[in-house]
Every structure is written in C-alpha cells, then in structure tokens.
Amino acid sequence: MASPQQMRRGDLGRKYSVMATPGREGQQIQAGIYAGRAIGVFTSGGDSQGMNSAVRAVVRMGSYLGCKTYYIKEGYQGMVDGGDYIVEATWASSSGIMQLGGTVIGSARCKDFREIEGRLKAAQNLIERKILSLVVIGGDGSLTGANIFRQEWPTLLQKLFEAGRITNEQFQECGHLNIVGMVGSIDNDFCGTDMTIGTDTALHRIMESVDTISTTASSHQRAFVLEVMGRHCGYLALVGALATEADWVFIPEWPPEDGWEDTLCNKLSAERATGQRLNVILVAEGSIDRHGKPITANQIKDLLTDRLKYDTRVTVLGHVQRGGSPTAFDRILGARMGAESVLALMDATPDTPACVISLDGNEAVRVPLMQCVERTKNVQNAMNEGNFEEAVRLRGKSFQNNLATYRLLSKLQPPKKTADESSKGKRFAIMNIGAPACGMNAVVRSFVRLSLAQGYTVLGIHDSFDGLLYGRVKPMSWTEVQGWSGRGGSLLGTRKVLASKYGIDKIAEKMKEYDISGLVIVGGFEAYHSALQLTEARKDHDAFCIPILVIPCTISNNVPGSDFSLGADTALNEITDICDRIKQSATGTKRRVFVVETMGGYCGYLATMSGLAGGADAAYVFEDKFSITDLRDDVFHLKNKILNAGVQRGLVLRNELANAHYTTDFIEQLFSEEGKGVFTCRKNVLGHMQQGGVPSVFDRNYGTKLAAKAVPWMAQQVKEYTQENGKVFTNTPTTASLLGMRKRHMEFSPLQELAKGTDFEHRLPEDQWWLKLRPLLRILAKHTETGYVSETIPEGVVDLEELDEY
C-alpha cells in the first residue's frame, strides 16, 4: 500500500485536506496468504456499542488471511499484565457477540502504561507472542497512546535486549510495530470519519428517551430538560434535537447569544399559545454561554419554573446512552472497519504512518491518524479561544449542515397574512406513492413548515392519485404536522400504483383544477416511475410543465439516484432486532438453522445488510445468482459449523424474489432433509413487520434535511419559470428531478437521465454500491472463499471537512 500523503494546509484552522487511501476492499485477496503473522486487538477508553462487531471482524478476517489473532483483554492494562489477559482468539469465541453492547474483552484505565517500565512489560508480552500488528479500538487518547508506543518501539526493543529480557532472535525478528485504529466513541467527536462506532446507537437511546418522556410531558403540559452526553462535542444533542423536534438545544460549539433567556422564554410562550402541550429542551453536558460560563440543565429548569411558571423536570440520561444492543448501522460499521483494519496491517511496512479506518461516504478508507487527532484538538482550542464559528467549521460539513437545518427550523414562525410577490398565489402539492415507509412523515412536516414560512400554500394530496382524482386534497396547516417526524407509516396515506393506471389525462385535469405550481412525490420505485411518466407526458399536458421532485422513501432501497432511501435504515433495525430474537431461540433449542425471508422486491439490500448486521451464514438475493450447488455447499458449511466450530445455530436470509424456484419453502425443506441428524430447520417470513415501527434517528434526520433542501429548490424553479400571466411553465429536464444522497452529498438528478440506468422490469438501478459488500458477509461466516472483493474509490484528495456526513 502506498503511504498516505501528508495533509496540505496553510495557517492552522484554515484549510484541511488529507489524502485518504482507498481500502483493499476493491482488490482480490487470497485466503491464507498471511499465514504465520499475529495480530492483537484491544478496546480502550470508554465503551461504545458496535465495538464487539469490530472485534469479531478483526478475528474472522485475520483467520481468513491465515493470521493468529489475540484478544488483549482490559485494554492497555491487559497488555502490561500479560498472562491470561492476552489469549488467542478463535472463530467460535467471536460468535454471538456482535449484538451485545459494550466490549466483551473489557476496557480499563492504565496508569502503568504511562510509565516506561509499563510499556517495556507491554512490549515484552507482545514480542513473546510475535504480535507485531495491533488493532486499537478507542477514542483519540487511546489511538494517540498507541502511536507513541509504535514510535518508541525500537527504543523499547533495545532496552529489553540489553536487559536480557528478549533473545537476539526476537530482537532481530521484531524490529517494528504497526498499528491501525478504529474510533469507538458515542460522541462522534473525532475529525476524519463520517461516523464513529457507537454514535448511531447512542442517538437511538436519546430518541427513545425523548419519545417516552414526550408522552408524559404532553399529558401534564410539562417541559422537560434533558442532559445528554458528548463531553465537549454537541453532535448527540444537535442531531437528537433534529430527530425529536426539540424546541431548543444547547451545544458547546454554538453557544446562544446574550439574552438567550428572554429569547427562549418568548419562544416557548408562543408555542404554548398555539396549543402545544409540551416542550423539550436538550442540553449537551459541556454547554456554555458566549463567555465560557457553563449552562446546566438545572439552570434552565429554574428559568422556566420561575419566569414562565411551567411544570419543568430535568432528566440526565447519563450512561443509558452507552448501553443497549447496537443498531444495524453500528454493527455494519464495526464489521467493515474491523475487516479493513486487518488488511491495512497486512499492507503496512516499517515506513507506513499509523492510520485510522474511516468511513468516507460509502467507502472504508485509511486516513493518517495523527493528522485527524491534531484537528480534533484544534476544535477544542477554538472553543477555548471563543472562536465558535471556527469550531463549527472544524467539526465538518455534516455538523455545519445539521446546525444550519436546526437553526432554520427552530426560527420558523407560522405564516403571516402577507406574502412576497414571488410566492403569492403559488401552490405546492405533496403526496406519497408506494408502500409506506418510515421517514415519509418527517419529509412532509419539514416541507410544509418551510413552505408555509415562505408564504406558499401546501396542498396535501391524501391517498396518492386516488385522493387527487376523488378530491381528497386540502391545504395543510402549521399545527397539523406537529409531531409527525416520530410517526411511522404515511399519515397522508399512500397507494402502490403507477400514475399510468389512473390515466394521465385525468391526472392532468385535476392538477390544472387545483392550480398546482410544484409537485413533490415522496415514495419508492412507483413514485420515481410515476414522476417519470408525468415528465414524459409534458409534451401533451401543460399541467405537468411544473417543477416535479421525487424524494426516495422505501424500505427496499431500490430507487435510482440515491445510495440510501428513507425507511431502509428503520427496516434494517427491525430485521436485525427480529434476527437477534430468532438466534436467541436457536441458542435455546440447540442445533437449529433458521431461514428468514425479507422484503425488498427484487432488491437484495435488506437481506444483505441485515445479514451483515445479524451475523448470518448466507443471504440469497436476486442480484447475486445462486444455484443448487451453492445451496448444497451452504448445507455442508452449516454442518461443519455446528459439528466442529462449536456454534449451535445458523441463520440464512433470503430476499423475497431472490429466485422463482428456490423459494423460502424449498430452501427450508432442502436444509431440513440434508441437515438430518445434525440440525433442524425452521422458516420465518417477516412480512410487513419490516415496514412498521418508529422511524430511526437516521430516517428522521435524513427526511428533515431532504425537505430543507427541497423547498429552496422548488422555490427557485417556481421563481425562474413563472410567466407574465403568473402561471408556471417549464419543460426543462432538470426541473423534473430526484433528490437523493450520493456518497456524502445530496444531489438533484434529472429523472430522464436516471431512466437510462434503470432496470424497469425488476425495478432496480443498474449500479448498486452495496453489492460489493457481499463477500465480506461470507468471509465473516467462515465460508471458503477464493477472494475478498468489495467497493473501492478513486484515489485523490478528500477534503477532511467532508468526512463527517451523517
């Protein structure tokens, strides 16, 4: 692997760019080619959900490559103490841990490692086991300590040799130590990665707590002030506030202006005047005012109680945020980072700088460790100096976008009677098409309020085209959408039918009747296809010559133009939770294999990603053809696993349309017959459970930000294409687009361009990024593979500011 190039920058805090080296995920890697090498893995600092998934991936990728892998228990303390604290890991010993919170190999503070004698003991313990490659999972302090240890290694080696504590052979063979880091921290305070392991789960704990508290707060007309973790980083509080529609958030990076007490009280009073029965305020534990004075939850409670006479309560979430089973996102993130860390160690040379495995959009990349640590420290330095704008900038583009979206929504006021000329008389319509998916309501809420605040009328079209044709269309109000972000399903109602089924002519008549100036369609493949049909009918119907925007929302994640569709994250969590319970059942009954059918149409995204998150043995999908030979081999794999590996259960996922002949029933019967005497087999068809549930933090936040992006786009199109008679007319291809996320950017893609890369027969995009992760699933399940192939990115400079997108 080429050494990462140095970060180019001018004055401190001005411009940060870093050469992020693509991972080995895009290359063929033969099994067993690194036989004889040893790897140590340990967790250090505060625990975070998803660490166990990372540990499991290190062990299993190491095993695949032929390496010996050792658990170093209790962090640096175990490295110093040696003995039973450093034990060889087996494939079976890493089984059944990825759904557990915390870290099963322990983490502890270690004063001994700070002293030279402690580091000498640690080095000796590693040398005795020929561990010259370390995977460090922890925060910036733990990673910095490991890098110092790596730099000291030659000196430590020399002292051990001179003291007779290692042999000359050991001295010659163990000349250098390589380390690779993964950031395990719920705070997401490390600059250089989109997300740290554990952040998504911590956000879920916050979201669940606020949702729970909101019911009692509403019942008694109370205000609640919740303190959340994050040390000196406000990410958890900020994103938690966006996801839960909190009334106010205090974060250290952006203290409130002087006089905030009056502003807060006035805002809450105005909200109560509109009939709102509760108020929620989130406070990051390190919050300060513009003068550096701490702002505490109790201080805010006293303010609301004394000045507004509100019944106000304080809840400190504390370590609840660190607990619980990891989300699907954190499990997959840990698995990918863990596998890539092993590959990075195998590539390392004595001259390779220490790197940290980062998430860059959809790619696992290697970023120079100390450059990221330096910038992380500079954030705190900027806050100490009162330079809060610089602190926000250094946090990265995602943090800036989240803050901007929150400030935009929090400052919105119900519309006044007057409106400027550009919006006066203009009507935006919004509707849902396709199967219901979590996130639909978050989009509608934000779109309605942002549009109303700018003076536009928003028509809610209920029940898709049914509602349009039969008159279920009505203006939406400010208060009507209160609390919608946290509601599952589609409160507008939705139908899974294409526009052409209703008749394009009839739809055009109704669009003209309601004088619609712009149309937003939120939904899945049917929404995309219907919008395309309306666009293609522009030549015949002026009613469709208006801005048309599609926002992808489907659990299947099969809409072209976006790496992620709203609803898919919530569905993945639902499937993962169900698979956990199924595996628990299998553990209780012993020697049982479950075949689980997931939704997704022809798209295998849910089966593949939930297979990674749930530790499945196989995931059968339409895009990756399989035969009876593959099924036979998987039976052999399961037999060997149960008889010889000491794991008494199996889990196989199948996408609902993976194969017309190898159905879920067929696979269950085949496995039952061929597994006789070794295991029994059961099937589960998850069905519509995958569509239900409470929207995840990602889907709430993503939906909110999509709407915040959609309204300015729609307003600009309307302004640009309004004719002298006041009517909107446009047949430009770019005015019929889909808004989605590609890599880390939200982009508008013309529908007619997307159609060129769409398989309409199977309702799939021709290019799907997640397919390159499928070999990783089989490697982690101990299948015999010939090579590991996954995604890659083109080499080039990646702006460190952009490595933060949530």
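How much space lies in the second largest cavity? About 140 Å³ lies there.

## Basis of the model

This is a predicted model, in which local features need pLDDT of at least 70 and side-chain atom pairs count only at pLDDT 80 or more, while totals for chains, interfaces and linings use all residues. Residues are numbered from 1 along each chain as its sequence is written, and side-chain values use heavy atoms, with hydrogens and water left out.

## Cavities

A cavity is a set of points, on a 1 Å grid over the protein atoms alone, where a 1.4 Å probe fits but cannot get out; lining residues have an atom within 4 Å of a point. Grid points are joined across faces, edges and corners, and a volume is the space filled by probe spheres set on the points. The count comes to six cavities of 30 Å³ or more.

The second largest cavity, of about 140 Å³, is lined by 17 residues, and Ser95, Lys583, Gly615, Lys641 and Arg649 are the closest to its centre. Strand S22 (649-655) and helix H1 (51-65) each supply at least two residues of this lining, and S22 gives the most, with three.

The largest cavity holds about 390 Å³ of space. Its lining has 24 residues, with Phe329, Leu359, Gly361, Asn362 and Phe564 nearest the centre. Helix H10 (328-347) provides the largest share, five residues. By class, the lining has 15 nonpolar, three polar and six charged residues; Ala, Val, Leu, Ile, Met, Phe, Trp, Tyr, Cys and Pro count as nonpolar, Asp, Glu, Lys and Arg as charged, and the others, Gly among them, as polar.

## Asp194

Asp194 sits in the loop between strand S7 (178-183) and helix H6 (199-220); helices (H or I, at least four residues) and strands (E, at least two) are DSSP runs, numbered from the N terminus. Asp194 counts as buried because its relative accessibility is 2%, where buried means under 20% relative accessible area (1.4 Å probe, protein chains only). The side chain of Asp194 reaches the backbone nitrogen of Gly361 at 2.6 Å. Gly361 is also among the residues nearest the centre of the largest cavity.

## Helix H4

Buried residues of H4 include Leu143, Phe149, Trp153 and Leu160. Just after H4, Gly164 takes a positive phi of about 75 degrees.

Definitions and conventions:
Buried means under 20% relative accessible area, exposed over 50%, partly exposed in between (1.4 Å probe, protein chains only). A polar contact is a pair of N or O atoms within 3.5 Å; within protein, one must be able to donate a hydrogen and the other to accept it, and residues adjacent in sequence count only if both atoms are side-chain atoms. On a 1 Å grid over the protein atoms alone, a cavity is a set of points where a 1.4 Å probe fits but cannot get out, and a pocket is an open set with protein on both sides within 12 Å along at least five of seven lines; lining residues have an atom within 4 Å of a point.
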